[in-house]
Amino acid sequence: MSPSIADNIARVRVQIQTACQAAGRAADSVQLLAVSKTWGPESVRQAHATGQTAFGENYIQEAVDKITTLRDLPLVWHCIGPIQSNKTRLVAEHFDWVHSVDRLKIAQRLSEQRPEHLTPLQVCIQVNVDGGETKSGVSPQDLPALAQAVANLPRLQLRGLMTIPEPAETEAQMRTVHHQAKDLFEQLRAQGLPLDTLSMGMSADMAAAIAEGSTMVRVGTAIFGQR
Ligand SMILES: *Cc1c(COP(=O)(O)O)cnc(C)c1O
């Protein structure tokens with residue numbers, strides 16, 4: 001029998017604990033975001049039954065259907081995929097968090113469209129630390145101005161940064177990129193932005209990301225299986 005979602009989550013949680021211990025960090029300093037894209041509501045229910053409440057989604061319409069179906073559960077939904085202008089309203093109305101803000105225009109629309117009866121949308125800015133050409137994310141040079149502007153939008157709460165590094169060959173290479181992201185994060189904090197979230201690390205680079213200061217790892221395949 002293949003391992004269940006519950007088995008997989010238990011194993012990933014142990015991996016997070018082990019990485020925290022190795023880094024001299026408290027076990028509760030890193031949150032697990034279960035990336036449920038392409039998986040149906042039943043898979044999310046199975047994950048929730050283990051105590052998992054934070055879920056990440058990439059495809060807006062698919063996510064909105066799932067969020068609506070699962071309204072009976074107290075889940076926290078994170079948008080981690082690219083957002084086009086014509087999708088900002090759906091995101092603002094249905095998600096709790098967005099990790100993939102990389103342009104002021106998108107942030108402004110999200111703020112304008114966030115319904116009054118909901119708490120502010122929690123936001124991370126996606127930063128393209130290693131300059132991967134095909135990737136979204138603001139450049140490190142443009143990050144400080146964007147962060148200040150996003151922090152001033154009334155219906156958004158800027159929480160931190162998100163990165164998706166290019167696949168690297170060695171642990172050392174992975175850690176270099178994660179370290180740069182952590183530096184950018186600390187620079188913004190030093191400028192007075194009260195950031196507490198560094199969303200970095202996926203199934204393959206989780207330990208390296210935790211060693212360099214990640215506070216949220218985004219794990220899909222290792223929990224739900226191959227997409
Ligand atoms: C799909 C995805 C993940 C999860 O990746 P896995 O390799 O399945 O763990 C994490 N972050 C982002 C932005 C993703 O798109």
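Author: Here is a short talk about the pockets and the ligand in this predicted model.

Reader: What makes a residue part of the lining of the largest pocket?

Author: A lining residue has an atom within 4 Å of a point of the pocket. For the largest pocket, 30 residues line it, and Lys37, Ile164, Met202, Arg218 and Arg227 lie nearest its centre. The space inside comes to about 610 Å³.

Reader: Which elements give two or more residues to that lining?

Author: They are helix 7 (171-190) and strand 8 (216-219). Helix 7 has the largest share, with four residues. By class, the lining holds 14 nonpolar, ten polar and six charged residues.

Reader: How do you know where the ligand sits?

Author: A molecule sits in a pocket if more than half of its atoms lie within 2 Å of the pocket's grid points. The ligand sits in the largest pocket by that rule.

Reader: Which residues surround the ligand?

Author: A heavy atom within 4 Å is what counts as near. The ligand is surrounded by Val35, Lys37, Asn58, Ile80, Ile164, Met202, Ser203, Arg218, Val219, Gly220, Thr221 and Arg227. This shell divides into five nonpolar, four polar and three charged residues.

Reader: What about Arg218 and Gly220?

Author: An N or O atom in the side chain of Arg218 is 2.8 Å from a nitrogen atom of the ligand. With Gly220, a backbone N or O atom lies 2.9 Å from a ligand oxygen atom. As for cover, the ligand taken alone exposes 390 Å², and the protein buries 88% of that.

Reader: What lines the second largest pocket?

Author: Its lining has 13 residues, with Ile67, Arg71, Trp77, His94 and Asp96 nearest the centre. Helix 3 (60-69) and helix 4 (88-94) each give two or more residues to this lining. The volume of the second largest pocket is about 220 Å³.

Note on methods. Residues numbered from 1 in each chain as written. Predicted model: local features only at pLDDT ≥ 70, side-chain atom pairs only at ≥ 80, totals over all residues. Heavy atoms only, no water. 1 Å grid on protein atoms, 1.4 Å probe; cavity = no way out; pocket = protein on both sides within 12 Å on 5 of 7 lines; lining within 4 Å. Points joined across faces, edges and corners; volume = space filled by probe spheres on them. Nonpolar A, V, L, I, M, F, W, Y, C, P; charged D, E, K, R; others polar. Polar contact = N/O pair within 3.5 Å; in protein donor to acceptor, adjacent residues only side chain to side chain. Areas by Shrake-Rupley, 256 points an atom, 1.4 Å probe, with all protein chains shown as cover.
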